[in-house]
Amino acid sequence: MTDVFKLHAEICKTFANPTRLRIIEALRDQELTASQLLKTIPISKANLSQHMSVLIQRGVVTVRR
């Protein structure tokens, strides 16, 4: 049972950041490149990269080249 709570806490941490929520919202209806995301969300490239890494690692978004 404890594992369920740990998993829930990790999911909540993923969605607890406003920038990550903005990224998810931007990607909700369409695929966007990193450049397109940067035009939509006013953050630095490094900051976008950090947030995307979290979302990818936690399985919220997928990436293709």
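Read from one end of the sequence to the other, the protein chain runs α-α-α-α. That gives 4 helices and 0 strands, where helices (H or I, at least four residues) and strands (E, at least two) are DSSP runs numbered from the N terminus. The model is a predicted one, so to speak of a local feature takes a pLDDT of at least 70 and a side-chain atom pair counts only at pLDDT 80 or more, while totals for chains, interfaces and linings use all residues. Residues are numbered from 1 along each chain as its sequence is written, and side-chain values rest on heavy atoms, with hydrogens and water left out.

Confidence comes next. The mean pLDDT (the predictor's confidence in each residue, from 0 to 100) is 93 for the protein chain, and 98% of the residues score at least 70. Helix α1 (residues 2-15) has the lowest confidence, with a mean of 90, whereas α2 has the highest, at 97.

As for overall dimensions, the C-alpha trace spans about 40 × 20 × 20 Å along its principal axes. Of the 65 residues in the chain, 20% count as buried, that is, under 20% relative accessible area, with exposed meaning over 50% and partly exposed in between (1.4 Å probe, protein chains only). Among contacts (heavy atoms within 4.5 Å) with a separation of 6 or more, 47% join residues 24 or more positions apart.

Now to the packing of two of the helices. Helix α2 (residues 18-27) packs against helix α4 (residues 45-57) at an angle of about 75°, and their axes are 10 Å apart. Axes here are lines fitted to C-alpha atoms, for helices over the stretch in contact, and angles run from 0 to 180 degrees between N-to-C directions. This makes α2 roughly perpendicular to α4, a label for angles of 65 to 115 degrees; under 35 is roughly parallel, over 145 roughly antiparallel, and the rest oblique. On the α2 side the contact is made by Thr-19, Arg-20, Ile-23, Ile-24 and Leu-27, and on the α4 side by Leu-48, His-51, Met-52, Val-54 and Leu-55. Sorted by class, these are 7 nonpolar, 2 polar and 1 charged residues, with Ala, Val, Leu, Ile, Met, Phe, Trp, Tyr, Cys and Pro taken as nonpolar, Asp, Glu, Lys and Arg as charged, and the others, Gly among them, as polar.

His-51, in helix α4, is buried, with a relative accessible area of 10%. Leaving out residues up to four places away in sequence, His-51 touches Asn-17, Thr-19, Arg-20 and Ile-23.

Arg-58 sits in the segment after α4 and is partly exposed, at 38% relative accessible area. Beyond its neighbours within four places in sequence, Arg-58 is in contact with Glu-10 and Thr-14. The side chains of Arg-58 and Thr-14 make a polar contact at 2.7 Å; the term covers a pair of N or O atoms within 3.5 Å, where, within protein, one must be able to donate a hydrogen and the other to accept it, and residues adjacent in sequence count only if both atoms are side-chain atoms.

Arg-28 belongs to the loop between α2 and α3 (34-40) and is exposed, at 57% relative accessibility. Its C-alpha lies 16 Å from that of Arg-58, 30 residues away along the chain, and 9.8 Å from that of Val-61, 33 residues away in sequence. Cys-12, in helix α1, is partly exposed at 39%, and its C-alpha is 24 Å from that of Pro-42, 30 residues apart along the chain.
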